[in-house]
Structures are given as structure tokens and as C-alpha cells.
Amino acid sequence: MPRAAATRPAPPAPETEAPRGVDILRDTNRDMAQRMRFGGFFYLVGVTGVVALSPRLIAQPAVWGGFALVFAGLVAGRIALAARTAAGRDHDPKRTEREIGAVYLGSALAWCAFLVWTLASIRRLDGAAAVAVIATVGITSGGIATAVPRLRLLVAYALIVCPVGLVGLPLFVPGESSWVLLAFALAFFMFSVRSGQLQHQAHWDALRQTWQLEQQALDLKQSRREAEIASTAKSAFLTSMSHELRTPMNAILGFSELLLLEALPPRQRAAAGSIHRAGQHLLALIDDLLDLSRIEAGRLTVERAPVRVDAVLREALGYVEPLLQARRIRVVDALPGGACVLADPTRLRQVLVNLLSNAAKYNRDDGRVVVDAVASEGRLRLRVADTGRGIAPAQIGKLFNIFERLGAEDSGVDGMGVGLALSHQLTALMGGKLGVESRLGEGSTFWIDLPVAEEAKEPAADRPPPPQAAGFGVLYLAQDRQNLKHVKGLFTAHPDWQLRTETSASNGFERALEAGPRAILLDLQRADTETPALLASLRARAGTSSIPVLLLAAHAAADDPPPPRLEGSRATLQLPEDLRRLSELLSMLAAESTPGPGTQEPDRRSA
């Protein structure tokens with residue numbers, strides 16, 4: 001039989017057309033052995049039936065007994081081969097192939113000998129001869145069907161069994177009926193061989209398709225594994241790059257925020273504002289890319305809770321207000337009062353900020369943005385409509401693809417084509433749907449469908465900072481150099497505030513506590529155990545239990561958990577994002593306190 005290499009066999013073809021590997025040979029051996037394992041019993045049944053119907057044959061016990069022993073041995077050989085191949089003990093597939101052929105053709109030769117003896121002994125067409133002919137027809141059909149996987153074995157079997165019967169009929173059974181039987185037998189022989197060839201072809205075609213599907217499954221599995229590796233590498237790269245980019249970005253945002261707190265001339269204030277907005281844009285882009293990466297990896301989760309839509313809209317408008325004012329775009333808030341949806345408030349605000357910023361960027365000057373909502377069948381559809389140039393129907397299908405800007409790359413409008421793709425996936429995670437309706441020259445309406453929820457409590461509005469008081473002393477236990485730079489810059493903008501810094505909770509810090517600060521700032525590091533213990537100690541002391549404590553956490557990666565608020569602290573702030581809020585809280589504390597006798601002079605030491 002033709003052979004090929006044993007490593008991952010190619011899809012098989014009929015054995016006369018293509019080579020096959022050892023694995024294919026072993027599989028074919030097992031298939032053949034299972035097909036023929038019980039066929040030997042039919043030979044024994046045929047011998048018994050023919051002999052029982054003929055007194056002449058019964059009278060020769062030595063002959064028919066010998067045939068019975070031969071067929072019994074062949075039955076044993078078939079069963080042994082089937083058991084060996086099924087148990088995986090086919091260590092030499094080529095040898096097993098020869099053994100199967102020997103048993104198979106041996107059965108054919110033994111039956112031919114038995115048929116010749118039967119017809120020569122009877123020499124007439126009686127019941128025994130008819131049973132012998134019928135048994136030959138059955139053996140031929142079964143043998144051809146069993147040998148389908150191997151065409152040469154099939155043809156050899158048919159050539160051994162059929163011609164002997166065909167020749168034996170006119171030789172040993174005289175009369176016209178024998179020639180009629182010969183004609184039928186010849187037609188049956190030709191039909192059986194041709195049918196066997198077709199079955200052989202169909203058998204290997206089916207195997208070829210099966211193995212092609214298996215190979216495709218292996219290829220898909222390999223492609224999936226490679227895609228997962230690439231996705232993991234991409235996520236690791238984005239996470240690493242985000243950390244590398246955030247370090248200088250935090251400094252840019254922090255110091256630009258400090259500049260904006262100063263009384264700058266208009267031109268310098270505009271420049272500082274541009275720096276700050278550009279930094280915020282880049283930081284938002286980094287966070288969006290990380291969010292997309294986490295969604296693809298299945299690591300981004302959302303918390304669904306009742307959310308007041310009007311409250312989230314006010315927060316989102318606060319983010320895009322400068323952009324709307326720059327283009328003199330009027331916002332029409334037509335939301336129904338008290339409307340609530342089931343969503344993640346942070347992610348819903350993120351989606352609304354993206355939609356509102358797009359409505360501003362792609363609108364016309366002096367345009368309009370209308371925000372309204374329509375309730376239907378337990379869902380609320382939030383709509384953000386603009387009066388921009390609209391989107392062509394052919395382009396809407398590509399709108400939510402990442403990095404797709406629909407030809408706006410050279411329009412001068414800032415963007416990377418990330419916001420809508422991210423918003424689409426975030427809305428789906430919240431159990432909603434994001435879509436768009438647009439007409440060229442008239443504008444676009446983006447909508448968000450979300451489940452209606454019971455009324456939620458509206459978050460309390462931020463209190464405006466109270467007037468500042470003089471002589472306000474603050475003690476800062478600084479463990480983060482970047483945070484220290486931001487805090488010192490903030491105190492530079494407030495010359496009537498006094499800052500004293502210490503770098504460890506040792507004697508210096510203890511002596512500073514004796515001076516009676518009006519507020520204490522503590523850096524909160526990741527996996528920090530000393531700060532919680534120090535905070536608990538301050539709360540337990542009679543002289544420091546009433547001093548407000550603010551915790552300062554450095555900016556973390558987007559996938560890091562938010563900094564915790566420890567019991568006993570007034571607030572936990574993340575710098576540089578919350579630098580303005582820190583200024584407001586310190587102003588509030590300064591207004592609530594009065595200068596104590598131990599107030600220290602400002603600490604001007606460098607970090």
C-alpha cells in the first residue's frame with residue numbers, strides 16, 4: 001500500500017490516488033478489523049446449511065469437518081485482530097494490514113474450495129446447491145461492503161469468490177437453468193464490483209472532509225491561541241505605556257492646574273489652559289484605549305444601579321462646557337424630571353461626555369444640541385441631537401469601528417476614532433444599545449436605550465469653597481515626591497497658608513504635631529499599612545483626634561482600584577486630578593479654623 005510520513009497526515013484521498021501516513025494506516029486497520037470481526041460466522045452458517053441439505057455431503061464428514069475447522073480458525077483470527085486494533089496494540093500497522101488481507105483472502109479461498117466441492121459432489125441444482133449459490137451472493141455482497149476502505153483488497157476478494165461460482169454452475173450443474181443463473185451471477189458480479197468502487201470513493205471522500213474539518217478546527221484553535229497571546233501582549237503593552245505616559249502627564253496636569261490657580265495675565269492663562277486641556281485630552285485617550293483593551297479581554301466590569309439621568313447629564317455638561325462655549329453652541333435640556341435608568345453612573349457619564357463632545361466638535365458655530373428622552377416598554381431612550389453636517393447612510397455602518405473617523409482625519413477636528421467605539425461597547429455592557437440616526441446637511445441624533453429604573457437619589461451638589469482665613473497651618477507627612485511638588489505649588493498660590501513637611505513619622509513628625517496644625521495631609525501608597533496605623537493613632541490621641549486628616553494618593557493606572565477612604569479621614573484625594581478639590585477643601589478648613597498660638601511659618605524646604 002502507498003505510504004507517507006507519519007507526522008500530521010494530509011487529508012486522505014482514495015488509496016489509489018494519494019499517499020497516507022502511518023496514523024491513517026492504523027486507523028484503516030482498526031476500521032477494517034471492526035467491519036470483518038463477525039463476518040466469519042456467516043461462513044460457518046453457510047457451510048452448516050449447505051451440508052445439512054445434502055445427504056451426499058453429509059456422507060463425507062471428514063471433508064466438511066475440515067472446512068468447518070478452517071472457517072472456525074478464520075473466525076478466531078478476525079476476532080483477535082479486532083481486539084488488538086481496538087485496544088491500540090497495532091504497533092506494526094503494515095504487518096497488521098498484511099494479516100487482515102491474509103484472513104480476508106483466506107476466507108475467500110476457503111469458501112471457493114467449499115463451493116467447488118459442493119457443486120462437484122451434488123452435480124445437480126437441488127436445495128443444497130441453491131443455498132450454496134445464495135450464500136455465495138451474500139458472502140460476495142458482505143465481503144465487498146467490508147473491504148470498501150481498500151479497493152485492491154475488494155477487487156481481489158470479488159475476483160476469487162465470484163468467478164469460481166460462475167464457472168462452477170455450467171460445469172457441475174447441467175441444464176439450461178445453470179446458464180440463466182450464470183447470466184444473473186455475471187451481472188451481479190459486475191454490479192457488485194462497480195458498487196464497491198463507488199462506495200470506496202464515497203468512503204474516502206467522507207474521511208477527507210472529516211479530516212479537513214478536524215484540520216480546520218486545529219487551525220482555528222491555533223489562531224485563537226495566537227490571537228489570545230497577541231491580545232495579552234497588547235494589553236500588557238498598553239498598560240506599560242500608560243504608566244510610562246502618566247508619569248510626565250501627571251506633572252503637566254498638576255503644574256498647569258497650579259498655574260491656573262495663579263492670578264495670571266489673560267494671555268498666559270489662555271496658554272496654561274491650552275496645556276491643561278491638551279493633557280486632559282491625552283490622558284482621556286489613554287484611559288479609553290485601556291478600557292477597550294479590558295473589554296476585549298473580558299476584564300472590565302460595570303455596576304448597574306438606579307441613576308438619575310439629569311444629574312449625570314449635568315456632570316457630563318461640566319466636562320464639555322468649554323468646548324460648547326468656544327463654538328457658541330447652545331444646549332437645550334429637554335429631559336423629563338426625575339427620569340432614572342439602570343446603569344453604571346461612571347460609565348454612563350463617560351458615554352454622555354463622548355456623545356456631547358462629538359455633538360460640539362462636529363456641529364456648526366452658533367449651533368444647537370438638544371438632549372431629551374423618550375420612554376417606551378420599560379426602557380428609556382436618551383437622545384443627543386446636533387445641528388451639524390450629518391453622516392452619509394453608507395458610512396453609518398462603520399461609525400462604531402475603532403479608529404474610524406469617516407474621513408474627518410484632515411478636518412482639523414481633534415479625535416482618534418476611539419470614543420464612539422468605546423461608548424458602543426460600554427452601553428452594551430450596561431445592558432443597553434447605542435445607535436444613530438442622521439441626515440446629511442441637517443445633523444445627527446445619537447441615542448442610548450437603557451432599562452428604566454426606580455427613582456434614585458440625586459447626588460448632592462458640590463459646595464462652593466468658603467472664604468479663606470489667614471494663619472492656616474498644615475502638617476504634611478510626605479512620602480511621594482510628585483505629590484509633594486503639587487502640594488508645595490498649591491501653597492505657593494496661597495501665601496497666607498503655612499505648610500510644614502516631614503518625610504517620616506518619627507520625632508520630627510511628633511514635634512510638628514505639638515505645634516497644633518489645623519489640618520494634616522498623609523500620603524497613601526498602594527499596599528500601605530503604615531498610614532492606616534498612623535491615622536488610627538492620630539484619632540486615638542486627645543490632642544489630635546479633632547484635626548481633619550486628608551489622604552493623598554498618586555494617580556494610578558486606569559485598571560487600578562480607586563484609593564480607599566480610611567475611617568477617620570476627611571477625604572481621599574488623587575493627585576493631580578483632585579488638586580483643585582484639595583484647594584477647595586483646605587479653603588473650607590481654613591475658614592472653619594482660627595489661627596492657634598503654635599502656628600508655624602511656611603516651610604520652604606525643597607522635597
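Biologist: Which strands form a hairpin, and how many residues lie between them?
Modeller: Strands β6 and β7 do, with three residues between them. In that turn, Gly-441 has a positive phi of about 85°. Helices (H or I, at least four residues) and strands (E, at least two) are DSSP runs, numbered from the N terminus.

Biologist: What should I know about the source of these values?
Modeller: This is a predicted model, in which local features need pLDDT of at least 70 and side-chain atom pairs count only at pLDDT 80 or more, whereas totals for chains, interfaces and linings use all residues. Residues are numbered from 1 along each chain as its sequence is written, and side-chain values use heavy atoms, with hydrogens and water left out.

Biologist: How many bridges link β6 and β7, and in which sense do they pair?
Modeller: Seven bridges link β6 (residues 433–439) to β7, in the antiparallel sense. Two strands count as paired if DSSP finds at least two bridges between them. Glu-437 stands opposite Thr-445 in β7.

Biologist: Which residue of β7 is the bridge partner of Ala-385?
Modeller: Thr-445 is the partner of Ala-385. Strand β5 (residues 379–386) runs antiparallel to β7, and seven bridges join them.

Biologist: Why is β7 described as largely enclosed?
Modeller: Eight of the nine residues of β7 (residues 443–451) are buried, so the rest of the structure largely encloses this strand. Buried means under 20% relative accessible area, exposed over 50%, and partly exposed in between (1.4 Å probe, protein chains only).

Biologist: Which residues touch the most other members of the largest nonpolar core?
Modeller: Leu-348, Leu-355, Leu-356, Leu-382, Leu-399, Phe-446 and Ile-448 do, out of 45 residues. Helix α11 supplies the largest share of this core, eight residues. A nonpolar core is a set of buried Ala, Val, Leu, Ile, Met, Phe, Trp, Tyr and Cys residues joined through side-chain atoms within 4.5 Å.

Biologist: What is Ile-448 in contact with, leaving aside its neighbours within four places in sequence?
Modeller: Its contacts (heavy atoms within 4.5 Å) include Val-351, Leu-352, Leu-355, Leu-380 and Thr-427. There is also a second, separate core of 42 residues, which includes Tyr-43, Val-47, Val-50 and Phe-71.

Biologist: Turning to helix α13, what do its buried residues pack against?
Modeller: They pack against α9 (266–296), α11, β6 and β7. Among the buried residues of α13 (residues 419–429) are Leu-420, Leu-422 and Leu-426. Gly-431 follows α13 and has a positive phi, near 80°.

Biologist: Where does α10 bend?
Modeller: Helix α10 bends by about 60° at Val-320, and Pro-322 follows within four residues. The bend is the angle between axes fitted to the seven residues ending at a residue and the seven starting there. Just after α10, Arg-328 takes a positive phi of about 55°.

Biologist: What is the order of the open sheet of five strands?
Modeller: The order is β9-β8-β10-β11-β12, with parallel pairing. Its edge strands, β9 (497–502) and β12 (571–575), each pair on one side only. Strand β8 (residues 472–477) is joined to β9 by six bridges, with Gln-498 of β9 as the partner of Gly-473.

Biologist: Which helix lies across β8, β10 and β11?
Modeller: Helix α16 (residues 530–540) does, running at about 160° to β10. Axes are lines fitted to C-alpha atoms, for helices over the stretch in contact, and angles run from 0 to 180 degrees between N-to-C directions.
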